[in-house]
Amino acid sequence: MGDFTPVNGLIGGLLIGLAVALMLLLNGRIAGVSGIVGGLVNSKAGDTGWRAAFVIGLPLGALAYILVAGGPAPVDVLASPPAILIGGLLVGFGTRMGSGCTSGHGLCGLALLSRRSVVATAVFFGLAMVTVFLTRHVF
Amino acid sequence: MAVPRIFAALGCGFIFGLGLAISGMMNPARVIGFLDVTGSWDPTLAFVMGGALLVAVPAYRLILGRGHPALASGFSLPANTRLDTSLILGSALFGVGWGLVGFCPGPAVAAVVTGLPAVLGFVASMVTGMALHAWISGERPVRKGSSDAASDPR
């Protein structure tokens, strides 16, 4: 891609860190997106409200940025339709089996200095890099 | 206490989604630009993770030093510390899916706002994968008034 934007990246990252910190300070919860969505898929009674609210907040925050920045929404999905469907299944199944995703393990887990999260983060970053290498440079 | 917690979660989701959009990481093409270490590498994702950890690591230390969260009676933290097969295999499957499309769960859910068929298809597929895992691992949704729920050990 070659379009390196460290300042926007850092500002966005600081906001994500703030969101994760506030979730622990206010609700005492880990802000892991796969865990929050997964809990909606397989919901225990009385647990749905805050999960749904968090999930609704994500696209609303993105909408606020799109409205302020203007222009087309910055989302380019380059994968083919079959790859999108297989990728979605793998991301959904894998994050539930592995108990977390980039936010739950990669941010919250690392902030908790969890050994499980360090290992999980290394595994999913490693496999994602191998997959991109194979799909872009080999096949 | 439930209503303040719902508004708090809405606000946290909003800030999270805003951060994802500003950072550029809501765009799978940019994420793949980071993962493509042998191509024209875009290091932005490292700045996003770095920025987030810069806040989260000290904040978690300070917050967990308090007795309890502001709106709940206790912290709900993961208790499992074992490095087991599900952790490794699940993370590996997730990594392959992430590399195929460039979407992990947070950015995919935030990007639903674009209404793009590719995003909606990915999220529907992801939720199906989650439901499939719940079904295979024997988790059952709690149904009100059903005999299943009454006999469920949890």
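**Close-up views of a predicted two-chain model**

**View 1. Chain B, element by element.** Read from the N terminus, the elements of chain B follow the order α-α-α-α-α-α-α. That gives 7 helices and 0 strands. The model shown here is predicted. Chain B has 154 residues, and 49% of them count as buried. Now take the contacts in chain B between residues at least 6 apart in sequence: 40% of these join residues at least 24 apart.

**View 2. Where chain A meets chain B.** Both chains take part in the contact: 105 residues come from chain A and 108 residues from chain B. Six stretches of chain A can be traced here, each supplying at least two residues to the side that touches chain B: helix H1 (6–27), helix H2 (33–41), helix H3 (48–69), helix H4 (81–97), helix H5 (104–111) and helix H6 (115–138). H1(A) gives the most, with 21 residues. What kinds of residue make up this side of chain A? By class, there are 67 nonpolar, 30 polar and 8 charged residues.

**View 3. The largest nonpolar core.** This core holds 94 residues. Three of them touch the most other members: Ala19(A), Val20(A) and Cys12(B). Residues of chain A and chain B are both found in that trio.

**View 4. Around Ala19(A).** Leave out residues up to four places away in sequence, and which residues does Ala19(A) touch? In chain A, there is Ala31(A). In chain B, there are Cys12(B), Ile15(B), Phe16(B) and Gly19(B).

Conventions
Residues numbered from 1 in each chain as written. Chains lettered and ligands numbered in written order. Predicted model: local features only at pLDDT ≥ 70, side-chain atom pairs only at ≥ 80, totals over all residues. Contact = placed C-beta atoms within 7 Å. Helix = DSSP H or I, 4+ residues; strand = E, 2+ residues; numbered from the N terminus. Nonpolar A, V, L, I, M, F, W, Y, C, P; charged D, E, K, R; others polar. Buried ≥ 20, exposed ≤ 12 C-beta atoms within 10 Å, placed from the backbone. Core = buried A, V, L, I, M, F, W, Y, C linked by C-beta atoms within 7 Å.
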